[in-house]
Structure formats: C-alpha cells, structure tokens
Amino acid sequence: TLNSNKQQVISMERSSAVSKKDEDGRRSTKKSVNMNQETAEAAEVEEKKKPKEKKRDEHSYALEILADLEYRHQFKVTEAVDGEEVDMTPNYIPDYPYVDQFLSFNVHLKHEITNMQLLHSRGNNRSRTRQSMRGGVGGNKQSIDELINGIIFETIVFNPSRFEEQRSERVPVPFKKSFVKVTLRKSDFFVLFNQMSTTVAKGTPQGDLVEADNRQYDYLTVGKGKVRRRSDNDAQTTVVLTNTRAVNTIYVDYATVGSYVSNFEMYDTLEGVSPKKDVHPTMQSLAKPGESVATQAMDAAAAAYLEEEEAKAKERAKNLATELYQRPSFKTSLQYIGRTLSSNLYKAGMQRFRNFEVVDRCSTDVEYKYSMKLLFRLMPVPSYEERKAVSDMSFCSSNSDILAVAYGLFSFSSQQVPNTGDVYIWSIKNPGEPERAYYYKIPVTAICFSPYLPSLMAIGMYDGTVEVRNVADLGNVPIAVSQRSTSPGCSPVVAIRWLKQVTDDDTGEIDPFLSLSQDGSVTRFCITRSPYLLGFTQMTLERIEGHPEGIRVPLMPNPMVESNRHPQGLYITTHPVHKDIYYILTDEGCIHKCSINYQHQYLEVLKCHDGGVNVMEFSPWSPKLFITCGNDWYVRIWIDGMTRPIIELLDDFQPVHWANWSPTHSTVIVSMNRDTVSIWDIRRNILKPMGKHEMDSSYNTIAQFSNSGTTLVVGNERGNTLFQAINDMPFPPHFQYDELEKAIYKAIGNDQDLFIELKSIGFFGYPNKKCHK
C-alpha cells in the first residue's frame, strides 16, 4: 500500500509540473495581449499548439512511470522459513484506473479555468497588473497552482467500489512438508432421549396398564387423535434373541455326595423286588433224609420250575415295556431326557447355531477368513442294514431347529442302489437321536416342508409315489398318498415345491404342490378330504430344437436321435413374487419358464449351461437376479430379461451340485461339488473363491442354508449330515442392495454392451430395497 501511494504522489507531482508550465504560458500570453493586439492573436495561435505539447509530455511521463515500475520488478525480497527460502516481495497494486481518472478530471478543470481567465481579461481593463488578475480569480488571493492542488486533494472522490475490487488478497504460503499431524479428541456424549423397555405378564394389573398405554400411543400417532407425524426408518440396533417361557428349563447341578445304606435296608429292598425262590410242595414231600437220588430229583425239579417262572417274568416285562413305549407320554418323556443329555455334549454347537455369541464390530481381532467349523454330525442308524445317501433335506419354515432329511438314492448312476428309504425329523435340541422316523421299502428321493402350513411335509419316492405327512402327529399314518389312477407316472420324483393357494374366498383348502419326475413330467397334487391325493398332469417337457436364447453352444455336425423325446427333469423352483410362475431345469442345460395357467406351452426357454442345470435360486434382495450351477463346472449369475450372464464363476473342473445366495450377505455365494465347498464374494474377487473347504471323506450330495443363514448343512453319500458354521465373515453391510448393485457393475468391467443393457433394466430389487426370504 505504501508503494502504491508513493507512485500516486509521484504522478500528482508530475501533473502539477505540467500545470505550472501551462500557467506560465498563459501569463506570457496575457502580457502580450496588453501590449499589442497582434501579439495577442499570435499568442492565441501559440496557445492552440500547446495541447499537442501537453500530450507529448503526458506520454513521456507515463513512459517514465512504466520504466520505474519495470526497474522495481527487478528487486526480490526473500526470507528463510523453516530452512526454506520463501519469496516475500510485495505484490504491485495497479493504479492505472485512478491515474486516468485523475488526469481526465484535471485536464477538464484546467480548460474551464483558462476560459474563465480569457473572458475576464477581455471584459476588464487590459492594463490591469498581474497582481490584480491573480486576486480576481475565484474571489480570493489563491494562485492557479494552489487552486488545482486544492481540487486534487480535497474534491476528487474516487469510486470506493472499484477501489475494493482492485484490493489484492493475501496468497498463502504453500505447505511443503511430507506429513500432517492430526489430533482426534473424544467429544462429549449427549443423551437426547432414553426409554427403557419393560416386559410384564398379560392379564396382570401391570399388563393392563401397559396395554392402555400402548392404545393411547397408537391413538396419538396413527389413530384419530394423531397430533404429530411419525416415520419409520432403519436403524442400527443390536440383535436380541428371545425365546418363549416354555423352553426355559431349570439348570441341573451335579454333585458327588456320600450316602450310607445298611445291610437291613438292602435286604428289605431286594426282598420286595426279587421273586421268592420257593420249592414246590410236591418236591418237599419227595425229599427224604438220607436219600441222594430223591435229593437230586428234587433239585432238578426246582431248577426247572425256576427257569419257567423266569421265562414268564421276562415275557411279562417285555410286554410291559412294549405297552409302555407305545404310550405318547412315555415317548415325550424320553425326548425330554434325550434333549437334556444332548445339551451336555453339544452345548457349544447349539449356542453357535442359535448365534448366541455375536462378534463385536469394534473388535480389533476380526479377520476375514471365510472359514467353516463343524458344529455336530447327524448319524442315523442304518435301517435294514443298508447304507443310504442323503438325497434331500428341508428346514421347517416356522421352527428353524427342525430339519427333515431324506435317505435313499442321490445319483441314479450309482453302482449300489438301496432297496429301502428313510425320512428322519431331526431337532437341534437333540442331535444324537431323531424326533421322528419314517421307514419305507422304496428309496426316498425328494422332500419338502410346506412354507404355508409348517407341519405338513411332502415326500417323493423312487417309484414315483408321493405322500404327505403331518409331523406334529405322533401317529405313523400319512395324511394322503398318491394313486396310480390319477398319477400314472413311475419315474423317480426329483423335486417338490409347494404353491400358494390364490383364492378370493376363504374355503379352507390346503395349498397344492408340484412334483417333478425324472421323465420330464410335472404333476400338480391337491389334498382333499380323502386318503388319496388328487393329481393331474401340469406340464410335459419336450426337447429343444435349434439354438435357444442364452449362451451359444455349438451343435453337433451329425445330429443324434435321442431315444427319449422328453428331457430329464433335474430341479424345480418357484418365482419369489409371482406365485403362478415356476421354472423347470433339465439335462439339456435349459430353464423352462412355465405358468400354472398354461399346461401345454412354455413362457420362455433360456440356455444356461452346456450340460445339466442342477440348481436355480433367486437372490433374497432381488426378484430378477438369480443364480444357476451346472455340470459344465460354471456358476452363472443372470438377470431376468437379459439373455447373457452378467457374471461367471469357475474354480474346480468338476460338476457343481449345489449353489445358493447367502441369506446374510448380498454379495456372498456358496457353491458345492462332490469334494469341496467354495465361498465366493463377488464384491472382492470373481476369479477365485475367498474360502475353500473339504467336508468329509465321502462325496457331497446336497446342501442347505439354515433359516438364520449362518450355518450350512451338507449331506454326503454315507448318510451323514454335517452342520458347518460359517465363521470369520465380513460384517453385513447396512445397505445390502446397494452393495450388491455396486459389486455387479464393478464385476462387469469394460463390457460396454453388457453395461448399457444392464443400465436399461434400472432398479432390479424389491420395493424399499427389502430382503425377501
């Protein structure tokens, strides 16, 4: 600022010098006018030439100012800051607008004063002296130089807005250090609102008060007395596991104590229990002292009598045990005792299955290893001395502790085909013994719990027979069985799926179910008020000709003539939203989209694998996103509406028997072949699984997630069922659908065509991004 003021003063001084020169010119001109008229006219001509000289002087002065400024720019002021040289030279503040304004104002004022002097001098006596002329200008004794200087420093007002706009800002010195030190301090914790939750028994005075308070709260928030708005938002809360009052048991404490029993007490106890060994009266009469033959005969008769009585006692005990075991109360007591004893052996596994120990998100020991840990193993007693494979399994929808396992035939090319089959109902409360056991003289191939009536279970056999049982009934009689007159198929049943009964009126009918046979026929069964199932043919598959939509598989140059014109059915699944849509998977690698309203045609056909398609499952966070696995070693992810897979997963060169989405992580997929189980996380890597585990020495057959999604149940050819806990997993994201969508777009990569096609679909999740199981 000082430098700019100095430059301004210099310009003002130079302007004053120019003004003085002009004033001297005027004085000489006036003096010549008083002397002679001709001299005055010459002075006027000379006066007209003066502006040109003035312009030259102003130009020369501006050049000198620029030269001075260029000379100043050569100077540089530096200062050492933290061992580094920093340029501290003041920046030049340009003042050209003020100089131009100043010069233009002064030149205009100077011309007005000159004209006033000329008019005043011509109107008065020309013989006036210089003293009188100086005193007459402006009505005071000031000179022209003083008058101009006063105008310069007093009357000129510069534009303040323009002055503020030209004000230069301070440029901060750049920070050149290689590190930044940041100190984080814990802020104060403020509690805005806290409401403790209490639980009281219903029917008590406290319970009545709580119900009245709840009714009042509903009246004020959602009822007629609503006085404020209320919105439901997701919040991060801890998972609280609750149980009913019926499952709470008293902890049994074991202790070793000493006790005293006398000989008389033992004698009295045994005397009342053991039968009396009395000798028959006839034997006593035959006994004579001194006769050894009679004594021996008496002893032999007594021994025979005792053996006969012992045999009768054993027979009575056996009948009593059989009668006692058939009582329902005795069976229930045995189950309670078995659960109590099993809790001592499988306590840690039960707690992990129920997720009692939740990993803290703030823990520093968390590692993402995608590991598995064996909780317990279900080992059934082989019936009819035959080892049977685990062919299918199903969890109860209402009680996650109950698992139904079907034992029979899994691979139809097996060398040893069992002649019998079993269905066991296991409970996690007693992994040592099944709760229910149903035995069949035919291998069992399919099983499925009803999601609408949880106690009903449909069972499919190797010979095409289908039956429905009620697991809540202690009797060993099925509700309904299929008959040859309505379901003449004799191929093995490979899959069963229940359908939701869609009716406007509540007729009380039980929901039907679909049964897929190996010969490619789909049968719809209905449960009626009779001991037989009412079934009719829903769909019969036909072989695909040509190139269907989906992956491109080259056709054989020499077409083969198939012995059967119907493809082999492998799996059936239903749509998560549209209850009338179901999908059939075949050995041709195709998915047939069908509807229960059309019995003789498909809706769509999609080629998914170069071989059989074993499993198809929808994502819990999207009704359009589904996964398939097949015998061509691939696991593919598809979106309904696109004929190209968006992601392909390949690890082992073996057929993939089973694959499904994780119910807890939207980006985690678990696949299984005959040897290993692989855990994929498409958010992290799509080239190799994050975890790979070997299950058992026997080949794996089928797998299933628990209802909680934290345990994987795997069955094998030996008949064992392994409960594997999935540990060391990443914490589930709060916004599951957003992470899934981001992972899919990231996995697509540089495939621009696929990216544009996926963008055209838009949002492919459930409304409000909810999870649907």
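How many bridges join strand S18 to strand S19, and which way do the two run? I started there and found 5 bridges between S18 (residues 581-586) and S19 (residues 590-595), running antiparallel. I count two strands as paired if DSSP finds at least two bridges between them. Strands here are DSSP runs of E of at least two residues, helices are runs of H or I of at least four, and both are numbered from the N terminus.

Notes on the source: this is a predicted model, where local features need pLDDT of at least 70 and side-chain atom pairs count only at pLDDT 80 or more, while totals for chains, interfaces and linings use all residues. Residues are numbered from 1 along each chain as its sequence is written, and side-chain values use heavy atoms, with hydrogens and water left out.

**Whole protein.** I get 14 helices and 31 strands. Of the 773 residues, 35% are buried, meaning under 20% relative accessible area with a 1.4 Å probe and protein chains only. I also looked at contacts (heavy atoms within 4.5 Å). Taking those between residues at least 6 apart in sequence, 56% join residues at least 24 apart.

**The sheet with S18 and S19.** I see 5 strands in an open sheet with mixed pairing, in the order S16-S20-S19-S18-S17. S16 (549-550) and S17 (569-574) are at the edges with a single partner strand each, so one side of each has no neighbour in the sheet.

**A second sheet.** I find 4 strands here, open and antiparallel, ordered S3-S31-S30-S29. The edges are S3 (371-378) and S29 (700-705); each has a single partner strand, so one side of each lacks a neighbour in the sheet. The twist from one strand to the next averages 25°. I checked S29 against S30 (residues 711-716) and got 5 bridges in the antiparallel sense. Alanine 703 faces valine 714 in S30.

**Helix pair.** I then looked up H13 (residues 736-748) and H14 (residues 752-761), whose axes come within 9 Å and cross at roughly 155°. Because angles over 145 degrees count as roughly antiparallel, H13 is roughly antiparallel to H14. My axes are lines fitted to C-alpha atoms, for helices over the stretch in contact, with angles from 0 to 180 degrees between N-to-C directions.

Which residues of H13 meet H14? I noted Ile744, Tyr745 and Ile748 in H13 against Leu754, Phe755, Leu758 and Lys759 in H14. By class, that contact has 6 nonpolar, no polar and 1 charged residues.

Conventions
Buried < 20%, exposed > 50% of the residue type's maximum accessible area, 1.4 Å probe, protein only. Parallel < 35°, antiparallel > 145°, perpendicular 65-115°, else oblique. Nonpolar A, V, L, I, M, F, W, Y, C, P; charged D, E, K, R; others polar.
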